[in-house]
Amino acid sequence: NLGTIADGDSPGDGQTRVFEGNVDIEQGTLKILAHKLSLKEFKNGYRFGEALGKLNAPVKFRQKREGKDSYVDGTAERIVYDEQKETIQMFGNVKVKLGEDEFNGQYVTYNMTTDKFILDGSPAPNSTKGAVASDGRIRVVLKPRIQQPASGDAAKPATPDAITPKK
């Protein structure tokens, strides 16, 4: 089920509804907060949504990772949710937090089924007008993982040997 709360909405063109003002949408463990949301429902039941932020108030999303006890959190100027493809595309000043790790860029795609990200520093196709120009680079901050201590041993940072697959 899909739950949507907003200050106002309009019926759109029959298949599309437009919600505006403090939009809060939830489906399962996915939550999107936006200024405006255009939501299209296809005859086969799938939904496609485009969420827009406003100046100094980006779109926010949160999704529980499949089979894991953690969440993906993100902000962007515009977020496109495709239920059929199970993807979230983020456009313009994208920031994604995955546990302690952080990703920043101008365009990020998150596949909710495979739990994979595609990051791009250049402006994405159909990016919002007025999006901040990018120098074509992405920024990724990966926090070091702590290796679980053996009984009685103190925790120590993981080393390359600790993450090399066994032969």
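Modeller: We take the cavity and a pocket, then the aromatic rings. Keep in mind that this is a predicted model.

Colleague: How many cavities of 30 Å³ or more does the count give?

Modeller: The general idea comes before the case. Rolling a probe the size of a water molecule over the atoms shows where empty space is left. Here the count comes to one cavity of 30 Å³ or more. The volume of the largest cavity is about 80 Å³.

Colleague: Which residues lie nearest the centre of the largest cavity?

Modeller: I25, I32, L37, L39 and Y81 do, out of 13 lining residues. By class, that lining has nine nonpolar, two polar and two charged residues.

Colleague: Which strands each supply at least two residues of that lining?

Modeller: β3 (16-27), β4 (30-41), β5 (47-52) and β8 (78-82). The largest share comes from β4, with four residues.

Colleague: Now the second largest pocket. What is its volume, and what lines it?

Modeller: The volume is about 240 Å³. The lining of this pocket has 13 residues, and T29, Q63, E66, E86 and M112 lie nearest the centre. By class, the pocket lining has three nonpolar, five polar and five charged residues.

Colleague: On to the rings. How many aromatic pairs does a search of the whole structure find?

Modeller: A pair of aromatic rings is described by the distance of the centres and the angle of the planes. The search finds three aromatic pairs. One of them, F91 with Y107, is tilted: 5.2 Å centre to centre, with 45° between the planes. This pair links distant parts of the chain, with F91 in strand β9 (residues 87-98) and Y107 in strand β10 (residues 101-111), 16 residues apart. Both F91 and Y107 are buried.

Colleague: Are F103 and F117 stacked or tilted?

Modeller: Stacked, at 5.3 Å centre to centre and 25° between the planes. Again distant parts of the chain are linked: F103 is in strand β10 and F117 in strand β11 (residues 116-120), 14 residues apart.

Colleague: Why do F103 and F117 count as buried?

Modeller: Buried means under 20% relative accessible area. F103 has 10%, so F103 is buried. F117 has 18%, so F117 is buried too.

Colleague: Which residues do ring pairs link into a cluster?

Modeller: F103, Y110 and F117.

Colleague: And where do R62 and R78 lie?

Modeller: R62 lies over the face of Y71, at 4.0 Å from the ring centre. R78 lies over the face of F91, at 3.8 Å from the ring centre.

Notes
Residues are numbered from 1 along each chain as its sequence is written. This is a predicted model: local features need pLDDT of at least 70, side-chain atom pairs count only at pLDDT 80 or more; totals for chains, interfaces and linings use all residues. Side-chain values use heavy atoms; hydrogens and water are left out. On a 1 Å grid over the protein atoms alone, a cavity is a set of points where a 1.4 Å probe fits but cannot get out, and a pocket is an open set with protein on both sides within 12 Å along at least five of seven lines; lining residues have an atom within 4 Å of a point. Grid points are joined across faces, edges and corners, and a volume is the space filled by probe spheres set on the points. Ala, Val, Leu, Ile, Met, Phe, Trp, Tyr, Cys and Pro count as nonpolar, Asp, Glu, Lys and Arg as charged, and the others, Gly among them, as polar. Rings of Phe, Tyr and Trp (its six-membered ring) pair if their centres lie within 6.5 Å; planes under 30 degrees apart count as stacked, over 60 as edge-to-face and the rest as tilted. Buried means under 20% relative accessible area, exposed over 50%, partly exposed in between (1.4 Å probe, protein chains only). A charge sits over a ring if NZ of Lys or CZ of Arg is within 6 Å of the ring centre and within 35 degrees of the ring normal.
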